Amino acid sequence: GARGAPGGEREVTAAPAAPSTPGQLAEKAAGGEARGTAKKSVRVKVVKKKVLKKKPKAPAQGAATEQQPQCPPLGLESLRVSDFQLRASSIKRYGLGAHRGRLNIQSGIHDGDFYDGGWCAGHEDRDQWLEIDARRPTRFTGVITQGLNSIWTYDWVTSYKIQFSNDTHAWQPGRNGTEEVVFPGNKDPETPVLNALPTPVVARYIRINPQTWFENGTICLRAEILGCPLPDPNNIYSWENEPVPTDKLDFRHHDYKEMRKLMKKVNEECPNITRVYSIGKSYLGLKMYVMEISDNPGQHELGEPEFRYVAGMHGNEALGRELLLNLMQYLCREYTRGSPRVVRLVSETRIHLLPSMNPDGYETAYKLGSELGGWAMGRWTYEGIDLNHNFADLNTPLWDAEDNELVPHKFPNHYLPIPEYYTFANAQVARRPGPSSTGCRSTPSC
C-alpha cells in the first residue's frame with residue numbers, strides 16, 4: 001500500500017499496521033526479535049510517525065480566532081493619527097470638524113466651544129461619512145464609536161455602515177458574505193460600542209457612514225479604529241523597524257501585579273536607599289504600596305524634611321502612576337551612578353511615593369482598556385467614592401478662623417484636628433473592609 005501511495009500520504013497508509021494497544025505492541029515486538037531487527041525498527045518508526053502526525057492537527061482548532069479583533073487601536077484617541085489623516089463629508093462648524101471625531105475627546109465648558117466634543121456632519125442624510133487614512137495598507141478588524149460629548153445637546157449615531165478603499169475613489173462596503181452589514185451604534189452619548197468586522201479587511205482608507213441617529217439630535221460621533229499596519233510593498237521605508245527608546249526606564253502601563261514586580265525590582269537594585277511598605281488595603285483587598293527613598297530608609301530623622309507624592313486617586317488616570325514608577329527607577333539608578341543632585345536629594349530628604357491610591361479602580365479600567373471603558377469607568381473606588389474629594393476638609397475651618405482673626409491665638413494654624421463628622425461610623429469615607437466585611441469603623445487599623 002505504501003508503494004502505490006503518493007509520497008505525502010506514505011505515513012498515513014502505513015500507520016494502521018501499528019499495534020493499537022501496549023499489549024499488542026509488546027507481543028509484536030517479541031515476535032520481531034526472532035525475525036531480525038530490521039522490521040522491528042521499521043515498526044517502531046511507524047508508531048512514532050502516527051503519534052507525531054496527530055499532534056500538529058490540534059492548533060488547527062483555533063484557526064477561527066484569526067477572525068477576532070486582536071489588532072490594536074490605530075491611535076485616534078492617543079493622537080498617533082494626526083488631524084491631517086481625518087476627513088469628513090461635511091462639518092457643522094470647525095469646532096465639530098473631523099479632527100474632533102476622536103474617541104473619548106471632551107468638549108469645552110461653553111456652548112459652541114472652538115474645540116468641541118466630537119465630529120458633527122453639516123447635513124442630515126445617509127451620504128455623510130468620517131474618513132480615516134491609515135497611510136499604509138492596514139488589516140482593519142473593528143470599529144468603536146461614541147456619541148457627542150456635550151452638556152448642551154444629545155447627539156449620537158445609532159447605526160452605520162463601513163466602507164474601504166485604497167485610493168479614495170473606489171469604495172467597497174463592509175460585507176458579511178454577500179450582504180452589506182449595518183452595524184449597531186450607540187444608545188447614549190458616552191458608552192463606547194465595539195463592532196468587530198465579520199472578516200478583517202486590508203485597505204488604506206476606512207469610512208464610517210452613519211445610517212440612523214438619535215431622533216432628537218443630529219449626526220455626531222467619536223471613533224477609534226482597530227487595525228494592524230502591514231508592510232507596504234511599494235515603500236521600502238515602511239519595512240524598517242520603528243525606533244526603540246534607549247532609556248532603560250520601563251515605559252509602559254503597569255497593572256497591579258506588574259506594579260508590584262517593578263517596585264520589588266527597584267528595591268532589590270537599591271536595597272540601601274529604598275523600602276517598600278503598605279499603608280493599608282483597598283476595599284477589594286489590594287495593598288496600597290509605598291516606595292520610601294532615603295539614605296536611612298525606615299527611620300524618621302529629626303530635622304530632615306519628608307514629602308509624599310500620591311498618584312492614582314482616580315483609578316482610570318494612568319499618567320501619575322507611571323510617572324511615579326519611572327521616578328523611583330530614575331532615583332535608584334542615578335543614585336547608583338553617583339549623580340550629585342540625586343545623591344543630595346536622597347541624603348537630605350525622606351521621599352515617599354504612592355503610585356496607586358485607588359488600585360480597585362485601576363484594575364477595573366485596565367481590564368476594559370480606555371477604548372471601551374469610557375471616561376468614568378474606574379474613576380471612583382469600588383464603593384463609588386471620588387478620593388480626590390474625600391479628604392477631611394481642613395481648609396474651611398482655617399479660612400473661617402482667619403476671617404474672624406482667631407489665628408493663631410485661639411485657632412492653631414500648624415496642626416488641625418480631624419473633624420468629628422469625618423470619623424462618624426456612617427460617614428461617607430473611603431475605608432478598607434474590617435473583620436465584618438462591612439467596612440472599617442474608626443479603629444486604629446483604619
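**Reading a helix, a sheet and one asparagine**

Modeller: In this predicted model, helix H4, residues 256-269, lies across E11 and strand E12 (287-293), and H4 runs at about 25° to E12.

Biologist: In what order do the strands of the open sheet with E11 and E12 stand?

Modeller: The order of a sheet is read from strand to strand, and here the four strands follow one another as E11-E12-E14-E13, with mixed pairing. Strand E11 (274-281) and strand E13 (306-310) stand at the edges, and because each has a single partner strand, one side of each is left without a neighbour in the sheet. From one strand to the next, the twist averages 25°.

Biologist: In which sense do E13 and E14 pair, parallel or antiparallel, and over how many bridges?

Modeller: The pairing of E13 with strand E14, residues 350-354, is in the parallel sense and extends over five bridges; as for individual residues, Tyr309 has Leu353 in E14 as its bridge partner.

Biologist: Which residues is Asn209 in contact with, once its neighbours within four places in sequence are left aside?

Modeller: With those neighbours set aside, Asn209 is in contact with Arg126, Asp127, Gln128, Trp129, Tyr160, Lys161 and Gln163. For Gln128 there is also a polar detail, in that its backbone oxygen lies 2.8 Å from a polar atom of the Asn209 side chain.

Terms used. Residues numbered from 1 in each chain as written. Predicted model: local features only at pLDDT ≥ 70, side-chain atom pairs only at ≥ 80, totals over all residues. Heavy atoms only, no water. Polar contact = N/O pair within 3.5 Å; in protein donor to acceptor, adjacent residues only side chain to side chain. Contact = heavy atoms within 4.5 Å. Pairing = 2+ DSSP bridges. Helix = DSSP H or I, 4+ residues; strand = E, 2+ residues; numbered from the N terminus. Axes fitted to C-alpha atoms, helices over the stretch in contact; angles between N-to-C directions.
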